[in-house]
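Reader: Let's go through this model together. Can you start with the rings and then turn to the pockets?

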Amino acid sequence: MSVPEATDISGEPAHIHAAYGTEPGKNSFANNCLLARRLCERNVRFIQLYDWGWDAHGDMESTSLKGGHQRKLKAMDKAVSALLADLRQRGMLDDTLLICGAEFGRTPMKENREGKDNPFAGRDHSPSGFTIWLAGGGVKRGLCYGETDDFGYEAVKDKVHVHDFNATLLRLLGFDHEKLTYFFQGRHYRLTDVRGKVVEGILS
């Protein structure tokens with residue numbers, strides 16, 4: 001019964017809509033960011049925002065770096081900055097962990113498949129070195145952890161494996177990943193497999 005009120009952002013003050021770039025009644029990433037803050041206020045423990053359209057191969061204007069990709073960056077920067085500021089102003093950022101990432105990064109060079117130059121500048125998938133950022137609940141502020149090579153192609157220093165990342169998130173949520181196991185086919189399994197280690201360097 002509480003869902004209609006929680007999801008109705010139209011009653012938010014004008015300065016909040018201006019900060020986020022929200023438009024009540026429309027589907028947008030900005031609206032979802034404001035909705036996320038409203039859900040946090042109502043003690044929803046896990047919220048995921050999904051935003052499609054970042055697959056910038058450059059095969060058309062909407063997937064080019066100078067076209068659709070740049071428009072998406074502007075919209076995301078505005079909404080996410082407003083969400084972070086809003087949570088901090090309300091005293092909620094210290095115990096709310098924000099994570100922004102994807103399943104891979106992009107190559108530092110322009111994409112050119114099969115020797116055919118794309119009509120627009122785009123970049124291919126890159127699993128070897130990419131960025132995920134965290135803010136709030138339990139992580140250090142203003143820290144860059146890890147480095148790629150000079151081209152931005154591959155991680156070369158303080159690499160974080162996906163199992164390390166998972167172990168670190170579990171620590172921030174109050175779990176010991178080495179004890180969070182289930183018994184299957186004669187041995188104990190954990191979500192972080194056998195190699196996950198907490199990245200202590202990012203914890204506050």
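**Rings and charge**

Author: The charged end of arginine 187 sits over the ring of tyrosine 189, 3.7 Å from its centre. That term requires NZ of Lys or CZ of Arg within 6 Å of the ring centre and within 35 degrees of the ring normal. This is a predicted model: local features need pLDDT of at least 70, side-chain atom pairs count only at pLDDT 80 or more, and totals for chains, interfaces and linings use all residues. Residues are numbered from 1 along each chain as its sequence is written, and side-chain values use heavy atoms, with hydrogens and water left out.

Reader: How many aromatic pairs does the structure hold?

Author: Two. Rings of Phe, Tyr and Trp (its six-membered ring) pair if their centres lie within 6.5 Å; planes under 30 degrees apart are stacked, over 60 edge-to-face, the rest tilted. Tyrosine 182 and tyrosine 189 are stacked, 5.7 Å centre to centre with 20° between the planes. Phenylalanine 184 and tyrosine 189 are edge-to-face, at 5.9 Å and 65°.

Reader: Is phenylalanine 184 buried, partly exposed or exposed?

Author: Partly exposed, because its relative accessible area is 41%. Buried means under 20%, exposed over 50%, partly exposed in between (1.4 Å probe, protein chains only). Tyrosine 189 is partly exposed at 22%.

Reader: New topic. Which classes line the second largest pocket?

Author: Its lining has 19 nonpolar, twelve polar and eleven charged residues. Ala, Val, Leu, Ile, Met, Phe, Trp, Tyr, Cys and Pro count as nonpolar, Asp, Glu, Lys and Arg as charged, the others, Gly among them, as polar. A pocket is an open set of points on a 1 Å grid over the protein atoms alone, where a 1.4 Å probe fits, with protein on both sides within 12 Å along at least five of seven lines; lining residues have an atom within 4 Å of a point.
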